[in-house]
Amino acid sequence: MGVMTIDGRKVEFTDEPNILTVIRKADIDIPTLCYHSELSVYGACRLCTVENDKGKTFASCSEPPRDGMVIYTNTPRLMKYRKLILELLLAAHCRDCTTCIKSGECQLQSLAHRMGVMDVRFENTKELQPIDDSSPAIVRDPNKCILCGDCVRMCDNVQAVNAIDFAYRGTKALVTPAFDKKIAETDCVNCGQCRVVCPTGAISIKTNMDVIWDLLADKDTKVIAQIAPAVRVA
Ligand code: FES
């Protein structure tokens, strides 16, 4: 049990595992992309960064609360950092947001809107990666991955499947099955939990439309009308 000061307010804490949880308990809005209470802490996105009374900045998700701490969550400096982080994430991300299956529910897109990040000043220097649609359940688009590691921790630590992990470094870094295999060549059990935690369109569930397009690839429009309802029902 302790008391910390957040944005000038005294907030009590008991067994909260990190400062982020105390901030949220105080109903203060703070953006995150890589934090999930049910996953281990990774501290990758740095969007949850806060500032203490000495001007030191640190990620609130990976720091335990301490009695007497004084922190600020939304100073102009922090807002500037967060906008820059979002801009950098967007710079390394493919920009087909308007046609992306996750448009409207993408956390990166919604944070960019919310924080007024309209332009990206940096070029995308990452190599275009092939989309992996080998799985019957999910589609992986590494070009939309922000390397938050949520899917890796879900697949490896929670589901204990170990189908995907980080590979390579720097601008070549990506999340992929080992040895650049396709997802269908791994032990993936098609549980879809990676998609549940993915904040962007990097992992999406294969929709009925995908099935329909596969079925209709060589067929004419007359056949389309017969097949589509059957697939929807299934
Ligand atoms: Fe804390 Fe991503 S939420 S670093």
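**Group meeting: a walk through the predicted model**

Let me begin with arginine 153, which has its place in helix α4, where helices (H or I, at least four residues) and strands (E, at least two) are DSSP runs, numbered from the N terminus. What we have is a predicted model, in which local features need pLDDT of at least 70 and side-chain atom pairs count only at pLDDT 80 or more, while totals for chains, interfaces and linings use all residues. Residues are numbered from 1 along each chain as its sequence is written, and side-chain values use heavy atoms, with hydrogens and water left out.

Arginine 153 is buried, its relative accessible area being 6%; by buried I mean under 20% relative accessible area, by exposed over 50%, and by partly exposed anything in between, with a 1.4 Å probe and protein chains only. Leaving aside its neighbours within four places in sequence, arginine 153 is in contact with residues including Cys34, Leu39, Tyr42 and Val158, contact meaning heavy atoms within 4.5 Å.

Beyond its neighbours within four places in sequence, asparagine 143 touches, among others, Ala92, His93 and Cys94.

Turning to the sheet, we have an open arrangement of five strands in the order β2-β1-β5-β3-β4, with mixed pairing, where two strands pair if DSSP finds at least two bridges between them. The edge strands, each pairing on one side only, are β2 (9-13) and β4 (57-59). Strand β1 (residues 2-6) and strand β5 (residues 70-72) run parallel and are joined by two bridges, and threonine 5 has valine 70 as its bridge partner in β5.

Helix α2 (residues 76-91) lies across β3 (49-52), β4 and β5, and runs at about 155° to β3; axes are lines fitted to C-alpha atoms, for helices over the stretch in contact, and angles run from 0 to 180 degrees between N-to-C directions. Within α2 sits leucine 89, which counts as buried at 18% relative accessibility. Setting aside neighbours within four places in sequence, leucine 89 is in contact with Leu33, Leu108 and Ile146.

Leu108 brings us to helix α3 (residues 107-114), whose buried residues are Leu108, Gln109, Leu111 and Ala112. These cover an arc of only 165° around the axis, and therefore lie on the same side of α3, the arc being that of the directions from the helix axis to the C-beta atoms. What covers them includes α2. Just after α3, glycine 116 takes a positive phi of about 70°.

Finally, how many disulfides does the structure hold? There are zero, a disulfide being a pair of cysteine sulfur atoms within 2.5 Å. The sulfur of cysteine 188 is too far for a bond because the closest cysteine sulfur, in cysteine 194, is 6.4 Å away. Cysteine 191 is likewise in no disulfide, with the nearest cysteine sulfur, that of cysteine 194, at 6.0 Å. Cysteine 188 is partly exposed, with a relative accessible area of 23%, and cysteine 191 is partly exposed at 35%.
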